[in-house]
Amino acid sequence: MEIRQLKYFITVVEEKTVTAAAAKLHMTQPPLSLQLHQLERELGCRLFRQEGRRLTLTDAGRRLYGRALAICGMCERAQEEMAEYRRGAVGTLKVGVISSVQGPVFSGWMQAYHGRYPEVRLSVHSANTYQLLEKLRNRETDIAITRTPFPAEELEVRYLWEERIHAVGEKRFFAPGEGALTLPALSSLPLILYRRWQKIVEARFEAAGATPQILCINDDARMTLSLALSGVGVGLLHPSALPREMPEEILVRPVDDAALSSRIALVWRAGERLPETAKLFCQLVEEAGQPRPV
């Protein structure tokens with residue numbers, strides 16, 4: 001018994017005559033009749049009774065009709081699911097993301113992705129750039145959102161946008177005025193930064209002839225932001241780590257040092273086919289473009 005024969009059988013039942021069924025199936029009557037006879041011989045029972053020109057189902061035919069509908073329905077659904085897998089519309093998106101992009105930027109991407117592909121499961125790894133690169137190598141994730149600088153060997157890299165580091169803190173920490181802050185102007189403030197940027201920040205202050213007053217070193221951008229919003233000190237953060245709306249007592253000022261800028265990047269293993277779920281994520285991120293400036 002073949003799926004094709006069951007589809008023929010269903011069509012004959014619904015059209016009531018072999019002639020009408022053959023026309024619907026875009027085939028001639030003799031081969032359709034032959035397929036029905038072969039199906040009856042294989043099952044060992046009559047499926048139809050002839051009543052004039054019309055065919056009616058026997059008890060066995062009625063039982064087979066219900067089974068045939070279920071079987072063909074499952075086959076059609078399986079074909080649809082395989083087509084969805086090819087498009088990446090089902091499966092699992094395994095993505096890694098750094099702490100400084102885990103705010104509204106990443107949440108917005110995830111919301112949009114889930115809206116487009118609701119059947120895709122989401123597996124998100126949160127870590128720093130170097131930890132995410134290791135997870136890529138270990139195949140714990142298929143794609144990662146990272147921040148420069150990082151070693152790009154054996155990676156495919158798609159850069160998204162560049163952003164300058166900002167000082168974030170209560171108004172009481174800042175002198176009146178607007179515009180970018182120089183590193184000497186920042187040197188007297190209690191600074192909060194996450195560990196990955198410590199050496200880079202210290203080197204830039206040294207190049208500017210100033211010594212930073214680092215109050216707190218921590219592990220990620222979320223902690224830096226939390227402490228800055230709590231009034232502990234002034235956090236050094238990139239804009240994608242910031243919420244869309246800041247409390248009234250908080251100021252956000254750019255830092256006047258191009259070397260403290262960095263680029264957001266999508267990265268994956270070089271020389272390998274990117275899963276469809278990850279390809280669709282890349283497309284969505286690129287369509288979204290750079291978020292509005294702080």
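**Ground rules.** I number residues from 1 along each chain as its sequence is written, and I use heavy atoms for side-chain values, leaving out hydrogens and water. Since the model is predicted, I ask for pLDDT of at least 70 for local features and count side-chain atom pairs only at pLDDT 80 or more, while totals for chains, interfaces and linings use all residues.

**Entry 1, two helices.** I took helices and strands as DSSP runs numbered from the N terminus (helices H or I, at least four residues; strands E, at least two). I looked up H1, residues 3–15: its 13 residues reach 18 Å from first C-alpha to last, close to the 18 Å expected at 1.5 Å a residue. The expected span is 1.5 Å times one less than the number of residues. I count as buried anything under 20% relative accessible area, as exposed anything over 50%, and as partly exposed what falls in between (1.4 Å probe, protein chains only). The buried residues of H1 are Gln5, Leu6, Tyr8, Phe9, Ile10, Thr11, Val12 and Val13. Just after H1, I find Lys16 with a positive phi of about 75 degrees.

I then turned to H10, residues 276–288, which has 13 residues and reaches 18 Å between its end C-alphas, close to the expected 18 Å. Its buried residues include Phe281, Cys282 and Leu284. Gly289 follows H10, and its phi is positive, near 70 degrees.

I searched the whole structure for disulfides (cysteine sulfur atoms within 2.5 Å) and found zero. Cys45 is in none; the nearest cysteine sulfur, that of Cys72, is 17 Å away. Cys45 is partly exposed, at a relative accessible area of 30%. The sulfur of Cys72 is 6.1 Å from the closest cysteine sulfur, in Cys75, and that is too far for a bond. I noted Cys72 as buried, because its relative accessible area is 4%. Cys75, in helix H4 (residues 59–87), is partly exposed because its relative accessibility is 27%. Cys75 is 72 residues from Ile3 in sequence, yet their C-alphas are 8.4 Å apart.

I located Arg253 in strand E11 (residues 250–254). Arg253 counts as buried because its relative accessibility is 9%. Ile165 is 88 residues away in sequence and 8.9 Å away in space, C-alpha to C-alpha. I listed contacts (heavy atoms within 4.5 Å) beyond four places in sequence; among them are His166, Phe174, Glu178 and Leu181. Gly179 is also in contact, and its backbone oxygen lies 2.8 Å from a polar atom of the Arg253 side chain.

I traced an open sheet of five strands in the order E4-E3-E5-E12-E6, with mixed pairing. Strands pair if DSSP finds at least two bridges between them. The edge strands are E4 (120–126) and E6 (155–163), each pairing on one side only. The twist averages 20 degrees from one strand to the next. E3 (residues 91–97) pairs with E4 in the parallel sense over seven bridges; Val97 has Ser126 of E4 as its bridge partner.

For the helix angles I used axes fitted to C-alpha atoms, for helices over the stretch in contact, with angles from 0 to 180 degrees between N-to-C directions. Helix H5 (residues 104–116) lies across E3, E4, E5 and E6, at about 165 degrees to E4. Helix H6 (residues 129–137) packs on the sheet, touching E3, E4, E5, E6 and E12, and makes about 160 degrees with E5.

How values were computed
Polar contact = N/O pair within 3.5 Å; in protein donor to acceptor, adjacent residues only side chain to side chain.
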